[in-house]
Amino acid sequence: LGPIKGHESYILCILWSLDGSWLFSASYDRTIRCWDSDTGESIGEPWTGHTDTVTSLSLSPDGTKLASASHDKTICFWDAHTGDPIGHSLQHESCVYAVAFSPCGEFVASGGGDQKVSIWQPWTGHTDSIRSLSLSPDGTKLASASEDKTVRFWDARSGDPIEHPLQHDDRLDAVAFSPCGEFLFSASDDRTIRCWNSETGKSIGKPWTGHINSVTSLSLSPDGTKLASASWDTTVRFWDTHSGKPIE
């Protein structure tokens with residue numbers, strides 16, 4: 001797989017479809033795009049509707065809906081197969097940087113410039129904007145990544161903080177649980193990706209390096225063997241999740 005190109009500005013988020021055949025991407029150019037993950041070819045036209053940068057994407061557990069967050073202070077919903085908008089958007093008081101469906105599909109979590117994690121009930125603890133969210137596969141934990149350079153864990157039902165924050169050297173842009181829930185991957189403006197034991201919070205191995213600018217988004221392949229990362233260096237890179245080595 002070579003670099004995928006087509007957006008007109010920075011790519012902030014990428015997300016694999018549940019069957020691994022498609023890759024969704026969101027950009028500063030205010031659009032969402034769908035790609036064939038085998039060929040890198042664009043599928044259909046860009047999805048338009050947001051009036052500012054699209055920052056985050058999340059698929060419903062059945063793979064039929066895509067939620068998108070934006071600097072325009074809204075969360076929008078889309079038919080994941082056609083790209084058509086669905087229903088009404090959800091309104092935040094500030095830019096929305098992160099959105100995540102629960103594993104059961106019963107609620108959507110979001111975070112943004114108001115420094116709150118919302119399952120339409122605010123959870124507080126971060127000291128700066130929240131950029132990314134990821135729910136554990138069993139639905140019990142929510143991980144949040146923030147500009148305060150930390151990843152925090154929360155009880156997904158009560159909103160209570162769990163364990164101690166994980167630390168990067170610069171602001172966090174993306175966080176993602178592995179499909180088995182054992183590992184957590186994080187990406188930062190420090191240009192690195194890190195792998196953590198999600199139970200102990202211990203770092204596994206050294207930071208993964210290769211991008212030459214901020215790493216803005218992460219997505220695991222359905223089988224958990226590959227990690228895709230997007231960066232302000234305008235590239236998407238692929239990594240072996242077991243070794244942390246790049247896949248050329």
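How many cavities of 30 Å³ or more does a search of the whole structure find? There are 2, where a cavity is a set of points, on a 1 Å grid over the protein atoms alone, at which a 1.4 Å probe fits but cannot get out, and lining residues have an atom within 4 Å of a point.

Before selecting anything, note that this is a predicted model, in which local features need pLDDT of at least 70 and side-chain atom pairs count only at pLDDT 80 or more, while totals for chains, interfaces and linings use all residues. Residues are numbered from 1 along each chain as its sequence is written, and side-chain values use heavy atoms, with hydrogens and water left out.

Start with the largest cavity, whose volume is about 90 Å³, a volume being the space filled by probe spheres set on the grid points, which are joined across faces, edges and corners. Select L12, T55, Y97, R131, R171, D173, T216 and W232 to display its lining. By class this lining has 3 nonpolar, 2 polar and 3 charged residues, with Ala, Val, Leu, Ile, Met, Phe, Trp, Tyr, Cys and Pro counted as nonpolar, Asp, Glu, Lys and Arg as charged, and the others, Gly among them, as polar. Colour domain 1 (11-120) and domain 2 (130-246) separately: both give residues to the lining, so the largest cavity lies between them; the domain bounds come from an automatic or database domain assignment.

Next, select I4, K5, G6, H7, I11, I14, L23, S25, W35 and V236, which line the second largest cavity, with a volume of about 60 Å³.

Then move to the open sheet, where 4 strands follow the order β4-β5-β6-β7 with antiparallel pairing; two strands pair if DSSP finds at least two bridges between them. β4 (54-59) and β7 (85-91) stand at the edges with a single partner strand each, so one side of each is left without a neighbour in the sheet. Within the sheet, β5 (residues 65-70) and β6 (residues 74-79) pair over 5 bridges, and S68 stands opposite C76 in β6.

Finish at β8 (residues 96-101), where 6 of 6 residues are buried, that is, under 20% relative accessible area with a 1.4 Å probe and protein chains only. β8 pairs in the antiparallel sense with β9 (residues 108-112) over 5 bridges, and A100 has A109 in β9 as its bridge partner. The two strands, β8 and β9, form a hairpin with 6 residues between them, and G105 in the turn has a positive phi of about 80°.

Note on methods
Buried means under 20% relative accessible area, exposed over 50%, partly exposed in between (1.4 Å probe, protein chains only). On a 1 Å grid over the protein atoms alone, a cavity is a set of points where a 1.4 Å probe fits but cannot get out, and a pocket is an open set with protein on both sides within 12 Å along at least five of seven lines; lining residues have an atom within 4 Å of a point.
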